[in-house]
2 protein chains.
Amino acid sequence: MSEVVIGIDIGGTNTVYGFVNKNGECLFDGAISTNAKDSAENLFERLFSKIRTDMSSNNAFTNLIGIGIGAPNANYYRGTVEQPPNLNWGTVNVIEIVKKYFDVPVAITNDANAAAIGEMQFGAAKEYKDFIVITLGTGLGSGIVSNGKLIYGHDGFAGEIGHVCVIPNGRECGCGRKGCLETYASASGIKRTVFELLANSNLPSLLRDTSFNDLSSKLIFEAASNDDEIAKKAFEYTGAILGKALADAVHYTSPKAIILFGGLAAAGEFIFAPTKKSFEESLLNIFKNKIEILPSALTEGNAAVLGAAALILNELDIVPQTTKEVAQWDLM
Amino acid sequence: MSEVVIGIDIGGTNTVYGFVNKNGECLFDGAISTNAKDSAENLFERLFSKIRTDMSSNNAFTNLIGIGIGAPNANYYRGTVEQPPNLNWGTVNVIEIVKKYFDVPVAITNDANAAAIGEMQFGAAKEYKDFIVITLGTGLGSGIVSNGKLIYGHDGFAGEIGHVCVIPNGRECGCGRKGCLETYASASGIKRTVFELLANSNLPSLLRDTSFNDLSSKLIFEAASNDDEIAKKAFEYTGAILGKALADAVHYTSPKAIILFGGLAAAGEFIFAPTKKSFEESLLNIFKNKIEILPSALTEGNAAVLGAAALILNELDIVPQTTKEVAQWDLM
């Protein structure tokens with residue numbers, strides 16, 4: 001029976017997981033609500049209960065050799081999650097909790113760092129040594145790779161581009177500060193922008209019948225697809241701010257590519273077009289017209305799971321083969 | 001006769017150079033005006049004419065084994081300087097020019113990258129693997145070291161923190177954009193701040209008798225030392241903006257220390273106190289109270305020269321010993 005790892009991605013809204021084999025194929029995936037107000041212990045109790053059920057229903061999942069986890073404010077060096085802005089956890093040692101359920105090697109990092117490793121192993125960054133992955137979920141995460149290595153920083157907390165200040169004294173952020181990038185460029189950021197536009201303009205909009213809590217980036221995307229002016233303007237504004245912030249990011253590590261993924265990135269050209277426009281306009285001359293902004297090349301929904309799986313495969317010194325490469329070998 | 005390298009630092013105002021031995025001791029240094037409006041060829045003609053004179057006057061300088069250069073917008077990979085914002089050079093291959101004068105190995109990088117290598121080899125960053133060096137000269141340069149390696153980026157142009165936008169639609173920058181950090185936090189930035197304060201307030205000031213062109217960060221420092229309110233407010237404003245920008249920088253690479261040097265950093269607590277205050281206030285919680293902001297530990301005026309020298313010594317696989325360590329050995 002072939003060996004598998006579990007990749008887990010903990011988001012502000014949902015926690016997704018998958019059983020991934022050594023070739024980087026996701027054999028099965030599932031999700032539960034994160035319930036951000038509850039404790040980490042509560043989440044893992046519910047998650048591993050579901051995973052045990054999955055394992056008992058399919059023999060292919062039982063030969064577990066490791067667990068990789070992506071989570072907000074996760075510390076690779078210490079195995080902790082520390083004061084995550086979108087979760088009511090405080091500081092907690094996640095590896096200790098996981099070890100109570102499964103006695104296998106466990107590794108954890110920032111959810112976006114895990115995504116970056118996934119893109120490097122299986123996705124849009126396979127050919128790049130210098131790139132940044134931006135995850136546009138409930139918040140905005142980032143994983144920065146320089147010269148083929150993920151940047152962890154002195155304390156394991158590098159890559160918090162979502163908390164760079166883009167509008168001095170701007171919107172309140174979950175981190176307690178104001179004007180952070182993720183209060184504008186994220187699934188929750190674009191909701192706030194829609195509500196600002198609905199307040200400031202008299203334009204009719206499909207979104208005037210939706211409450212703040214019911215609104216989602218998916219609904220905004222659907223409205224934009226139906227030519228809703230407010231929804232389209234919200235994407236333009238979001239892209240303008242994101243593009244400018246990504247141009248600033250280039251000034252630090254000079255990446256060859258920036259890869260966007262997560263709910264908001266699924267809106268395609270509605271978000272990519274204004275982002276690219278604002279990005280190019282904002283770049284220093286020496287960087288213009290040479291940096292690509294690309295969508296994730298990982299299966300939608302699996303990107304973060306594959307990243308978390310790639311993290312632990314990497315710890316175990318297993319170099320995964322991509323599905324595509326395996327398929328090519330099969331043809332030889 | 002012992003071997004020497006020449007370290008050259010090209011700034012927007014002055015070009016400084018020094019003869020440095022393999023132990024990292026600067027045996028002799030000198031400077032000429034850069035004359036930013038003239039060509040690169042003109043600068044090197046004047047510079048090497050002076051250096052030839054130095055060499056003919058002292059035998060200790062003649063056994064030249066390499067030249068290291070720090071310059072704005074220098075490209076380590078290509079040996080070029082490309083569209084420097086503060087010099088009227090366009091794009092020029094500096095290594096080709098230098099080779100016309102001296103047939104020795106030549107390496108070039110961003111002036112601030114050179115400074116970072118200097119701090120790592122001889123200065124305040126000897127014990128750090130993750131740090132950022134900020135040079136506060138005519139402009140603001142930066143060299144970012146992550147896990148012991150200088151970040152060059154895909155194209156050799158990483159580390160342009162001076163051109164991160166800090167005030168949307170703010171002051172005009174030499175790069176053609178607006179609101180760049182260096183238009184506020186640099187020797188020229190604080191001059192602009194003084195003039196803004198002189199315009200907006202009725203406070204008496206020693207600086208009301210000085211023209212824009214005659215004003216310098218040194219004069220502003222002297223005025224502040226004489227309790228001049230305008231000068232002190234200018235340092236506070238500069239530090240507030242710099243501290244906030246450095247907090248943003250932490251979100252990318254999570255350094256253990258940030259080292260300030262250059263003319264403005266020489267103002268000591270006038271600039272360090274407001275910078276540290278604003279820095280701590282602006283940091284994400286997970287970064288608070290664990291990152292040091294330090295002054296350069298290199299001899300004032302020699303920092304950039306030693307950095308450029310360290311760059312070429314490194315290329316030549318020569319690991320320099322610091323002056324201090326050599327002295328300690330001598331005592332054994």
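Mentor: Two strands pair if DSSP finds at least two bridges between them. Strands are DSSP runs of E, at least two residues, and helices are runs of H or I, at least four, numbered from the N terminus. This is a predicted model, where local features need pLDDT of at least 70, side-chain atom pairs count only at pLDDT 80 or more, and totals for chains, interfaces and linings use all residues. Residues are numbered from 1 along each chain as its sequence is written, while chains are lettered from A and ligands numbered from 1 in the order written.

Trainee: In what order do the five strands of the open sheet in chain A stand?

Mentor: The sheet is open and its pairing is mixed. The order is β3-β2-β1-β4-β8.

Trainee: Which strands of chain A stand at the edges?

Mentor: An edge strand here has a single partner strand, so one side is left without a neighbour in the sheet. Those strands are β3 (26-33) and β8 (106-110) of chain A.

Trainee: How many bridges join β1 to β4 in chain A?

Mentor: Strand β1 covers residues 4-10 and β4 covers residues 64-71 of chain A. They run parallel. A:Val5 stands opposite A:Gly66 in β4(A). The number of bridges is six.

Trainee: What angle does α3 of chain A make with β8(A)?

Mentor: Helix α3 (residues 111-122) of chain A packs on the sheet and touches β1, β4 and β8. Contact means C-beta atoms, placed from the backbone, within 7 Å. Angles run from 0 to 180 degrees between N-to-C directions, with axes fitted to C-alpha atoms, for helices over the stretch in contact. The angle is about 105 degrees.

Trainee: Is α6(A) largely enclosed or open?

Mentor: A residue is buried if 20 or more other C-beta atoms lie within 10 Å of its own, exposed if 12 or fewer, and partly exposed in between; C-beta atoms are placed from the backbone. In α6(A), 20 of the 25 residues are buried, so the helix is largely enclosed.

Trainee: At what angle do α3 and α8 of chain B cross?

Mentor: Helix α3 covers residues 111-122 and α8 covers residues 303-315 of chain B. Their axes come within 7 Å. They cross at roughly 80 degrees.

Notes. Contact = placed C-beta atoms within 7 Å.
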